[in-house]
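I opened my notebook to go through this structure piece by piece. Here is what I looked up, in the order I got to it.

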Amino acid sequence: LMLLGTQTLFAQQKQIFAETPAQQKQRMAWWTDARFGMFVHWGLYSLAARHEWVKNYEKLNDQQYQKYFDRFNPDQFDPNAWAKQAKSAGMKYMVLTTKHHEGFCLFDSKYTDYKSTKTAAKRDLVREYVNACRNNGLKVGFYYSLLDWHHPDYTVDNIYPTRPANGSDSAYTRMNVGRDMAKYRAYLKNQITELLTNYGKIDVIWMDFSFPNKNGHGKGKDDWGSIELIKLARKLQPGIIINNRLNLEEYRDGADFETPEQVKPAELEKYKGKLWETCQTFSGSWGYYRDENSWKTHRQLLDLLITSVANGGNLILNVGPTARGEFDYRANRALDSLAYWMRANNKAIYGCTYAPDQYKTAAGDRVTYDPLKKILYVHLFNYPTDGKIGLPGYGKVKYAQFLHDSSELKMTTSGDELTLVLPKKKPIYEVPVLQLFLE
Ligand code: JFZ
């Protein structure tokens with residue numbers, strides 16, 4: 001009977017690796033501590049400058065898309081500059097698209113000629129990126145697309161990349177004559193092997209994405225060989241951290257973290273208690289989009305970062321470099337503002353998580369918590385103009401100061417409510433932070 005019980009448990013929580021949750025926590029400690037990373041989406045679509053899905057959205061065939069390969073010439077590519085910008089914005093890791101859905105590889109793969117070394121760039125751009133991350137003390141991440149709109153064996157789905165004109169199954173079948181996903185699976189394994197063998201220690205792999213659908217179309221774990229890929233990645237890089245887009249949800253260790261994409265700050269609370277990283281863009285598109293005018297404000301970006309940490313998660317913020325290989329002025333300006341805030345306030349981010357339940361804030365404000373130092377950080381999105389703030393439930397606070405300058409905030413406690421005296425003039429930071437010591 002005991003044996004049966006154990007088997008039932010394993011049946012419910014299938015496992016690919018013998019790793020306990022405690023060991024996983026240990027392996028991921030640097031990542032949960034870091035809280036803030038940079039995503040970089042860069043490829044041939046940067047030349048079109050109108051979304052990384054342009055090949056799909058505009059139904060361009062290989063021949064029509066070829067001009068971007070022919071014109072790819074990133075004369076300003078300087079990953080050291082990227083890494084410096086990430087680092088000064090307080091980011092601790094980077095994740096670069098080594099290959100996006102278009103299939104173009106930024107690395108010198110043996111298994112294709114559709115790669116940067118065959119363009120005017122003539123270089124393995126991934127290698128230079130890896131070196132730049134390491135030289136700047138950033139952890140190294142690879143994004144790798146499971147979809148591939150260029151590979152001759154990748155079958156066309158009735159949803160991605162192109163729905164056949166009449167949307168019928170027979171049209172879909174006809175388009176796939178001669179394509180062989182078994183060969184494509186071998187290609188995936190070969191390229192993952194290259195990426196995780198030829199570039200030293202890789203800290204994160206971000207494989208994207210699965211879309212199994214009810215009608216028997218779409219692609220999922222059996223199409224990619226997801227279990228094989230995970231085993232391979234763990235074998236080649238035992239410390240690596242893997243995202244959850246391989247369609248292995250039934251396996252407890254099928255992934256290390258969840259990836260809520262482009263969600264609003266208010267939706268992040270439901271991930272509390274899990275391992276997660278929300279991925280976000282500056283303006284909507286991931287690839288460089290010249291004419292997109294929907295750029296998030298400094299305040300919105302801070303909200304995403306702070307609200308992520310206040311719910312126990314990470315933020316990975318995306319930059320889409322231009323075809324010349326550099327960040328455009330809007331990205332630079334946004335990163336500079338974050339750098340300014342982070343330099344003064346990063347203690348409220350690194351190593352922090354959600355606070356114990358009793359520590360609530362007024363609507364719009366957020367609280368993060370350093371559990372080792374027992375320090376609460378109250379992020380004032382709504383700065384009080386009357387020179388004081390009341391915090392019910394904060395009666396155990398022993399000492400209070402602003403985080404940015406360690407200036408004392410006079411405090412009184414009445415029952416379980418803490419009252420702090422604040423300057424009537426709001427400090428220069430968009431979101432000033434109170435540092436409240438529980439010990
Ligand atoms: C994917 C890509 O298609 C996109 O170009 C970008 O790289 C982004 C980070 O990831 O987009 C997705 C993938 C999964 C979902 C949504 C968008 N999803 O599961 O909701």
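Entry 1, a strand pair. I started with strand β10 (residues 375–379) and strand β15 (residues 433–437), which pair in the antiparallel sense over 5 bridges. I keep in mind that this is a predicted model. Looking along the pair, I found Leu376 standing opposite Leu436 in β15.

Entry 2, the whole sheet. Which strands form the sheet, and in what order? I traced 5 strands in an open sheet, and they go β8-β9-β10-β15-β12. The pairing is antiparallel. Then I checked the edges: β8 (353–354) and β12 (399–402) stand there, each with a single partner strand, so one side of each is left without a neighbour in the sheet.

I wanted to know what helix α13 (residues 298–310) lies across. My note says β8, β9 (366–370) and β10. Helix α13 runs at about 55° to β9.

For helix α10 (residues 181–195) and helix α12 (residues 226–236), the axes come within 10 Å and cross at roughly 15°. Angles under 35 degrees count as roughly parallel, so I wrote down α10 as roughly parallel to α12. The crossing of α10 past α12 is right-handed. On the α10 side, the contact is made by Leu188, Lys189, Ile192 and Thr193. From α12 come Glu228, Leu229, Leu232, Ala233 and Leu236. Sorted by class, I get 6 nonpolar, 1 polar and 2 charged residues in this contact.

Helix α7 (residues 79–88) and helix α8 (residues 125–135) have axes that come within 8 Å and cross at roughly 40°. That makes α7 oblique to α8. I noted a right-handed crossing here too, with α7 passing α8. Pro79, Asn80, Trp82 and Ala83 of α7 make the contact with Glu128, Tyr129, Ala132, Cys133 and Asn135 of α8. My tally for this contact is 6 nonpolar, 2 polar and 1 charged.

Which residues surround the ligand? I listed Glu52, Trp53, Asp208, Phe209, Glu261, Cys279 and Trp286. This shell divides into 4 nonpolar, no polar and 3 charged residues.

Terms used:
Residues are numbered from 1 along each chain as its sequence is written. This is a predicted model: local features need pLDDT of at least 70, side-chain atom pairs count only at pLDDT 80 or more; totals for chains, interfaces and linings use all residues. Two strands pair if DSSP finds at least two bridges between them. Helices (H or I, at least four residues) and strands (E, at least two) are DSSP runs, numbered from the N terminus. Two residues are in contact if their C-beta atoms, placed from the backbone, lie within 7 Å. Axes are lines fitted to C-alpha atoms, for helices over the stretch in contact, and angles run from 0 to 180 degrees between N-to-C directions. A residue is near a molecule or strand if its C-beta atom, placed from the backbone, lies within 6 Å of it. Ala, Val, Leu, Ile, Met, Phe, Trp, Tyr, Cys and Pro count as nonpolar, Asp, Glu, Lys and Arg as charged, and the others, Gly among them, as polar. Angles under 35 degrees count as roughly parallel, over 145 as roughly antiparallel, 65 to 115 as roughly perpendicular and the rest as oblique. A crossing is left-handed if the near helix is turned anticlockwise from the far one by less than a right angle, and right-handed if clockwise.
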